[in-house]
Amino acid sequence: MKKITVLGSTGSIGVNTLDVVSRHPDKYTVKALTANTNVESLLVQCIKHKPEYAVMVDGDAAEKLEQALKNNAPDVTVLSGVDGLVKVAELDEVDYVMAAIVGAAGLLPTLAAAKKGKRVLLANKEALVMSGKLFMDTVEQNNAELLPIDSEHNAIFQCMPNDFGKDIEQQGVKKILLTASGGPFRTTAIEQLSMMTPEQACAHPNWVMGRKISVDSATMMNKGLEIIEACWLFHVQADFIQVVIHPQSVIHSMVQYNDGSVLAQLGNPDMRTPIAYGLAWPERIDAGVERLDLFDIAQLDFVEPDEKRFPCLRLAREAMQQGGTSSAILNAANEIAVNEFLNTRIRFTDIDRVIETVLENVTQHDASTLEIILDDDKLAREYAIHAVKDLAA
Ligand code: NAD
Ligand code: MG
């Protein structure tokens with residue numbers, strides 16, 4: 001029986017994780033659930049899954065949850081704050097930690113899980129984008145198992161040679177083909193992009209996801225973050241990765257080999273597939289996912305991305321090539337810009353402008369310690385807020 005902590009259990013990935021877990025009560029049990037502020041959802045999940053711990057980051061929300069649980073599930077211990085998140089990621093009894101908090105807020109508990117040598121199921125790509133080398137070193141030094149849940153990276157992982165090492169070129173790999181749907185604005189006239197609303201940006205054609213990653217998909221910063229994520233996970237440089245727009249989202253990514261073979265992983269766009277793969281690896285379990293019907297799909301298309309339409313792709317690639325804390329700065333600026341866009345304080349096309357200004361003005365450093373990374377994250381957020389004010393003026 002594997003004991004699991006689900007960080008960010010009330011989000012899109014968290015809910016899908018609990019769906020897969022509840023299909024296999026003989027294999028998995030939920031030890032801890034966490035959420036930011038959503039008391040109602042966490043309450044329902046606690047009653048259903050009976051974890052030992054529930055964490056609400058927000059103190060008031062934690063008190064409300066504790067009151068509500070008294071009548072329904074009095075055995076659940078309620079914790080609060082980032083300390084609570086770190087504690088449930090580190091618990092000795094926990095085997096697997098699903099890292100499904102959105103954004104930089106997930107970094108500390110995810111890193112804590114790696115330090116304790118857990119199997120880390122990584123959905124929270126921002127954590128790896130921010131702390132790349134530090135995170136990978138922590139995984140290696142503590143014999144943690146890192147399994148990518150992001151659908152593309154999960155696909156790449158499935159198409160890699162068995163026990164791939166740090167030099168995948170030596171194992172015959174020539175290129176990673178990272179697929180992208182192109183998001184909701186793939187064919188929108190470029191001059192109309194500045195008028196796009198948060199609702200339009202969040203209406204993804206193929207995937208149902210949280211609002212932040214949905215906007216990232218619309219700007220294609222999501223793919224930019226995924227290039228950086230793939231560089232760290234598979235020990236390659238940014239130019240080893242080719243982005244391929246594939247609007248149907250049936251192929252989740254591919255690996256090209258030196259003998260001419262290209263291996264792909266296909267499936268319906270349903271995150272329960274990579275989640276089940278991460279949970280059961282190296283075995284496979286039922287994920288509740290509908291069987292892929294190729295006759296129904298009939299056609300698969302591939303297009304080269306246009307960096308004029310999607311400047312965030314270029315910004316992410318440049319940040320990765322720059323190295324150090326540049327990708328943490330990029331990520332922080334993006335989080336602020338997306339939030340300002342979702343709150344209708346800036347236009348859709350201001351998102352990449354804010355990020356570019358921040359990258360030009362905040363000095364990057366060697367990303368050797370967590371403190372340095374968090375300092376530059378903070379500076380980038382401050383500068384981004386300043387850049388947003390300048391846009392409004
Ligand atoms: P979501 O917004 O639906 O859920 C986010 C979860 O994080 C919630 O449980 C929320 O309570 C928690 N949270 C938010 N802010 C927090 C904070 N400050 N401190 C602690 N917890 C906080 O997001 P999602 O779509 O489930 O995405 C989660 C992560 O997985 C993201 O990093 C995203 O990029 C990645 N991801 C998601 C998908 C998807 O299909 N949704 C696919 C690939 C990768
Ligand atoms: Mg993805």
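The shell around ligand 1 in this predicted model holds twelve nonpolar, eight polar and three charged residues. Here Ala, Val, Leu, Ile, Met, Phe, Trp, Tyr, Cys and Pro count as nonpolar, Asp, Glu, Lys and Arg as charged, and the others, Gly among them, as polar. The model is predicted, so local features need pLDDT of at least 70 and side-chain atom pairs pLDDT 80 or more, whereas totals for chains, interfaces and linings use all residues. Residues are numbered from 1 along each chain as its sequence is written, chains are lettered from A and ligands numbered from 1 in the order in which they are written, and side-chain values use heavy atoms, without hydrogens and water.

Of the 23 residues around ligand 1 (a heavy atom within 4 Å), T10, S12, N36, E126 and G210 come nearest. Both domain 1 (2–148) and domain 2 (161–267) give at least three residues to this shell; the domain bounds come from an automatic or database assignment. Helix 1 (12–22) and helix 6 (125–141) supply at least two each. Helices (H or I, at least four residues) and strands (E, at least two) are DSSP runs, numbered from the N terminus.

An oxygen atom of ligand 1 lies 2.8 Å from a side-chain N or O atom of T10. A polar backbone atom of N36 is 2.9 Å from a ligand oxygen.

Elsewhere, four strands form an open, mixed sheet in the order 9-8-10-11. Two strands pair if DSSP finds at least two bridges between them. Strand 9 (241–245) and strand 11 (262–266) are the edges, each pairing on one side only. Strand 10 (residues 251–257) runs antiparallel to strand 11, joined by four bridges. I251 has L266 as its bridge partner in strand 11.

How values were computed
Polar contact = N/O pair within 3.5 Å; in protein donor to acceptor, adjacent residues only side chain to side chain.
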